[in-house]
Each structure stands twice: as C-alpha cells, then as structure tokens.
Amino acid sequence: MSDQDHMSQSGSVSSSGSSNQGRKHRRGSGSNSGSSGSNSNTNSNISSSNTKNNVVVKIGMVGDAQVGKTTLMVKYVENKFDEDYIQTLGVNFMEKSINLRNTEITFSIWDLGGQREFISMLPLVCNDAVTTAFLVGTKYDIFTTLPPEEQEEIDKLARKYAKAMKAPLIFTSASHSINVQKMFKIVLSKVFELRSTMETIDGVGEPLLIF
C-alpha cells in the first residue's frame, strides 16, 4: 500500500444498536478512496419513546483517484466487493439505513471522484455538513505485504496527519472486510456522542482503530 493509497480516505462512525439494511442507490461508478466528513439532519433526537424517529447522516468521501472510496462504500452498503469498478466520474451516491433504539438512521454517502476536474463538485458533497473528519486508510490487505520499515513509515505519517486533523484514524480493507462496519459505528458514536464499547487498536502494522 503506498502512502497515497493509505492516507486518502476519511469517514464517519457508528456506535451501538441493531443494523437493518435499508435503501441503496448508486449514481455513477468508480473506484476511489479519500476523506470524509459527516453531518446529521434529525427530525427528532434519539430517544426511548415509542415514536419512530428518522435521522439522516450525510457522509462525504473525498480523496485521490483509485484509492478505494467507491469500493469501501459499496462494501458497506451492499456487502459486495468488486475489483473492476471504473473510476468515479463526478459523484456517486448510496444510502443505507440502520435501526438504533427507536430511531431509523440513514447514512447518505457521497463519493466524490478523485480527479482534479471534479473539485468544483466538492460543495455538493459537503453541503450542509457539520464537519466531523475521519482519516481512513484503505487497502490494509496490501499494506500487510509491505516490508516492516515501510509499514512503520506509513503508520507514522498516518498518525501524524490524524493528530493534525484531530480526527479518528482507521485502517480498512474492503476485500477482507476489515474495520468496514466498525468505521461506520465510530461515525455514529461521534455524531451522536455515544459511548463506544469497541477496543482501540494502535499497534504498528495492525489495522488501526484509533478514535
């Protein structure tokens, strides 16, 4: 995994609750990985009343081309992995709904193509977002095949960037289902200020889960 591959994705998180797959939509196609932020539009706050609440959490995924953004999004929403996605042209969009207590939470995931010509579409992806940044490294399965000294260097850079961003740091692999679900659980815990029971993973060479 190159530095570029591993440093170019950022995402959001989810904490506790049962998950039921909901709406799924795709617009365009692609294979990128990048940074993401999140925001929530709530019709009402999460509560324990008998009323069914609906909350939308918008996640914007931005970063360089061909680092795995679309692959990660599709893996989470559809639990599918396909190495043959073409590059995203413009913006991809998918949704997935889960249940948390009496609340249906819909992740609205926006995936921006990594080519420079699409930078003008960044406001569309980030519009209305209250920034909660996540630094997400993709292709962890490739990272593990690198020499130890290269792994250590990538690890060091990733921690440095995450610290500067004051953001959680998560290493993922869509092909091996590593930290994909956990990433969105951390998103939820941050957005709704919920206590997470997940354990931190912070060893050099390990699939980092620092939040």
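Mentor: We start with a term: a salt bridge is a side-chain nitrogen of Lys or Arg within 4 Å of a carboxyl oxygen of Asp or Glu. This is a predicted model, where local features need pLDDT of at least 70 and side-chain atom pairs count only at pLDDT 80 or more, while totals for chains, interfaces and linings use all residues. Residues are numbered from 1 along each chain as its sequence is written, and side-chain values use heavy atoms, leaving out hydrogens and water.

Trainee: Okay, how many salt bridges does a search of the whole structure find?

Mentor: The search finds one, and it joins Arg-159 to Asp-155, with the closest N and O atoms 2.4 Å apart.

Trainee: How are Arg-159 and Asp-155 placed in helix H5?

Mentor: They are separated by about one helical turn, because they are four residues apart in helix H5, a helix being a DSSP run (H or I) of at least four residues.

Trainee: And is Asp-155 buried or exposed?

Mentor: Asp-155 is buried, with a relative accessible area of 3%, whereas Arg-159 counts as partly exposed at 27%; buried means under 20%, exposed over 50% and partly exposed in between, with a 1.4 Å probe and protein chains only.

Trainee: Switching topic, which strand does E3 pair with?

Mentor: E3 pairs with strand E4 (residues 103-112) in the antiparallel sense over ten bridges, where pairing requires that DSSP finds at least two bridges and a strand is a DSSP run (E) of at least two residues. Leu-100 stands opposite Thr-103 in E4.

Trainee: How covered is E3 (residues 91-100)?

Mentor: Mostly covered, as ten of its ten residues are buried.
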